[in-house]
Structure formats: C-alpha cells, structure tokens
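Subject: Structure handover

Hello,

I am passing on the structure we discussed, placed just below. Please look it over before reading my notes.

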Amino acid sequence: MQFIINNIKELVGVENEPKLLLKGKEMSNLEIIPDAFILISDGVIADFGSSDSSDYKSYVNSNNYKMIDAGGGHVFPSFCDSHTHLVYPASREIEYIDKIKGLSYEEIAKRGGGILNSAQKMQHASEEELYESAWHRLEEIADFGTGAVEIKSGYGLTTDSELKMLRVIRKLKEKSSLSIKSTFLGAHAVPLEYRGRQTEYVDLIINEMIPMVASEELADFIDVFCDKGFFTVEDTDRILNAGMKYGLRPKIHANELARSGGIQVGVKYNALSVDHLEYTEEEEIEALLNSDTMPTILPGAAFFLNMPYSPARKMIDAGLPVAMASDFNPGSSPSGNMQLILSMASILYRMTPEEGINATTLNGAYAMDLSHELGSIAKGKIANLFITQPIPNIAYMPYYYGTNKISKTILNGILR
Ligand code: NIG
Ligand code: FE
C-alpha cells in the first residue's frame, strides 16, 4: 500500500544521514521541513520533502497515490518509550494515599507493599486478564503518540509468574501494531519468603529463571533494580554476567534511591541503558562518557514520588546523550503519556523542545536497540508517526501540556 500525507505544516525529526543516537550538543539538532509531504510505501518511509519540490509535483501528477490531508498539522516520528512495566495485575492507588500522607517509596516497600503487593496479585492473575488490561494500556499510549515500547516482567518474582508475564508480553508483541521489546526483570524486589536469604533468590534467578527465559526466547533484555534496599552491585554483577551468557543485553534500574554503583556496573556489562539516575554525580557521568550506554531519565517517576530530579542538563552539557521514558507502572508512574514526559523534559529538566523530542524519539529508540529502524523520519525506516492538530510550532508540544494534541497516528504505515 502506498500513500502520501500532504498539507503538513512542519515535518519534524528528518534525517538524511541517519544516526543511531544524538549526544551533547547534537541533541539540539532537529531537522524540520516546512510545508512538507511524506510518501509511505509498504509500511516504510519511501520519500519526503517540500511540497514545492518537483518530486512532489510528479507524484501528484501521476495520480498513483492516495492522499491523506494532514490539515496543516505537524508530523512527528512516534515516541519511543524505552522503559515501562505496563503488564500489571492491578492499580495501587491506596499506597498513593499513604505516600501523600508522608510514607516514602522505600518505607512502603519495606512493609511488603509496592512491588511485592503487585507480585502477590500477580500469582492469581490469569494470562488472559493480564493481556486484556495491558492491551488497553497499549491502545491508550498509541493514542498519545507512542509507536515503540519496552515492557518488563518483574511483578512475578517466582519462576512461573515471571514466565507468565513474559508470555503475555510475547502475545502483545504478536498482536499489537506497536513495536515491542521485552525485558526480564526477575531482580525487581526480593520476595518476602527470601528475606534474609537474598543470595538464594539471586541463585534462583541465575540457575532457574534465566535459563528458562532464554530457552523459550521470551526476553530481549535483562534488568536488575540495583539500588539501596533492593539488589546490591554484587548481586547485579552476578545476574548480568549470567544473562550475558544467554545473549541478554542489560538495561538496568540504577541510582533512583541512592548512588548505588548501578551506573558503573551497567557500563561494565555494556548495558544498552541505565535508567532513573536521580543520584548522578561527576563520577557516574565520567563512567557513562566512555560507554555505549544510554542514560535514561524517567521524569514521571521522580515527579510522582516527589524525588530529586536527575541532572539532565549537566549530563547533556558534559557531552552525554539522554533518553526519556515514561516508566509506566502502577507504583511510581501510573501514566504512559509521552507528551507529558516531553513537557516535563522542559519544565522540570530545562531541556529545549528539540532536546526533549530527540530524547523521547531517536534516543529512546536507541535504548531499545531500534534506532536503525525507528525514532526519526528517514528513508527506509518504519512509518511510525503521528499527525498533530494544527499547532503553531514544535515548542507548542511541550508548552501546551496535559492535553492530547494528536489527531491521527500511523503505525507500520497504517492509519489507525
Ligand atoms: O521503575 N524502581 C523500580 N521499579 C519501578 C517501580 C515499580 C513499582 O513500584 O511497581 C520503577 O519506578
Ligand atoms: Fe522502572
């Protein structure tokens, strides 16, 4: 199927020489074509340019192409949300009330709430229920402009339940038009029955869970919550080492609650990304500068938990790339709205609209190992994009926060 989207006020995030990621000053580069068209053929971006161009005129004259009128809206590459936990059994708004009253994330976790609360409910949830509710969330984030998403296990914490979650993710991959990557996060919390015997739980992950996950080919990546009160650097080292033997590249939770050493151990194992990073100083920035690891900030979690904000400006000014993701989950970030994340990038982290857009598109795609085929408007990339309502310019996207500014979404070259 071939069609042209015309009457585009600005085509955003164009790349003639596609890059896999953007770092430091490059994060301000966001190419835009005013008064543009884009040609989509068999799910892929085949051509784009100005409506003044001779190419466009010959496409129109040939009468071979169906035209979709963008109505003077902007066209953006879809958001690439590289960190979510959107398969979960139930919401946790009761804990949220406790948080408002002053309990911290760690205190709730210590008394068996938080992740362990979700893990308990997970034991009784059927694959069908989990699939249905996650499907609904996927549709919701697609309506808000997300075209690719990573989803983690980690609310199972037993071999059976972790495999159950990953099978649900596999089914979502098969059925959904979003591009999906899956991550095994058995090391999300230590189950109550292993309290005081944490090493034995790590042994279970290494000796039983990882081999089973790998033999069913259920995960693309492996994750560990390496932080104060959760898993230590030593645990993380052992788990990542075991995962790498099965070809599972790490993407880890690091430095959300303290300077945990998580960033350094992630870099040591060539993690695709290290995520959260609220507690990041010179030493961590230095480690990241000499790596291929994408520092990924999760503004929704810091905002929702009222935590310190990761030093995004400092990282970019030091020459690092930054990706931003939603962390969509029932405990620390119950929203997968990437338009809101883009607004937070500027409001809370002082990133320019250009930096924010690159952080939530191309750099997010890199953090899922998808930037060769997604994350920008480039010939040959998968046609995942959205058309906005008429807006004055790109700055309006983060500025006019909290509403859905999208009028149409296209995934794999198909209008939804
Ligand atoms: O990324 N920090 C660890 N894990 C999730 C929270 C999961 C939960 O509370 O359910 C996060 O914020
Ligand atoms: Fe997370």
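The notes below cover the domains, the contact between them, and the ligand site.

Please keep in mind that this is a predicted model.

Domains

The chain falls into two parts. Domain 1 is made of two stretches, 2-78 and 376-415, while domain 2 runs over 79-366. Domain 1 brings 32 residues to the contact, and domain 2 brings 34 residues.The contact between the domains

Together, domain 1 and domain 2 bury about 2600 Å². Carbon and sulfur atoms account for 65% of that area.

What kinds of polar link join the two domains? There are zero salt bridges between domain 1 and domain 2, but 10 residue pairs are in polar contact, with both residues at pLDDT 80 or more.

Three elements each supply at least two residues to the side of domain 1 that touches domain 2: the strand β5 (75-77), the helix α16 (396-399) and the strand β15 (406-411). Of these, β15 gives the most, with three residues. Sorted by class, that side of domain 1 holds 15 nonpolar, 11 polar and six charged residues.

The ligand site

Ligand 1 is surrounded by 15 residues. Which of them are the closest? They are Y105, Y155, H188, E256 and S332.

For three of these residues, there is a distance to report:

- Y105: an N or O atom in the side chain is 2.7 Å from an oxygen atom of ligand 1.
- H188: an N or O atom in the side chain is 2.8 Å from a nitrogen atom of ligand 1.
- S332: a polar side-chain atom lies 2.5 Å from an oxygen atom of ligand 1.

In short, the contact between the domains has 10 residue pairs in polar contact and zero salt bridges, and the side chains of Y105, H188 and S332 each place a polar atom at the distances listed above from ligand 1.

Regards

Notes
Residues numbered from 1 in each chain as written. Chains lettered and ligands numbered in written order. Predicted model: local features only at pLDDT ≥ 70, side-chain atom pairs only at ≥ 80, totals over all residues. Heavy atoms only, no water. Domains from an automatic or database assignment. Contact = heavy atoms within 4.5 Å. Buried area = accessible area lost by both parts, 1.4 Å probe. Salt bridge = Lys/Arg side-chain N within 4 Å of Asp/Glu carboxyl O. Polar contact = N/O pair within 3.5 Å; in protein donor to acceptor, adjacent residues only side chain to side chain. Helix = DSSP H or I, 4+ residues; strand = E, 2+ residues; numbered from the N terminus. Nonpolar A, V, L, I, M, F, W, Y, C, P; charged D, E, K, R; others polar. Near = heavy atom within 4 Å.
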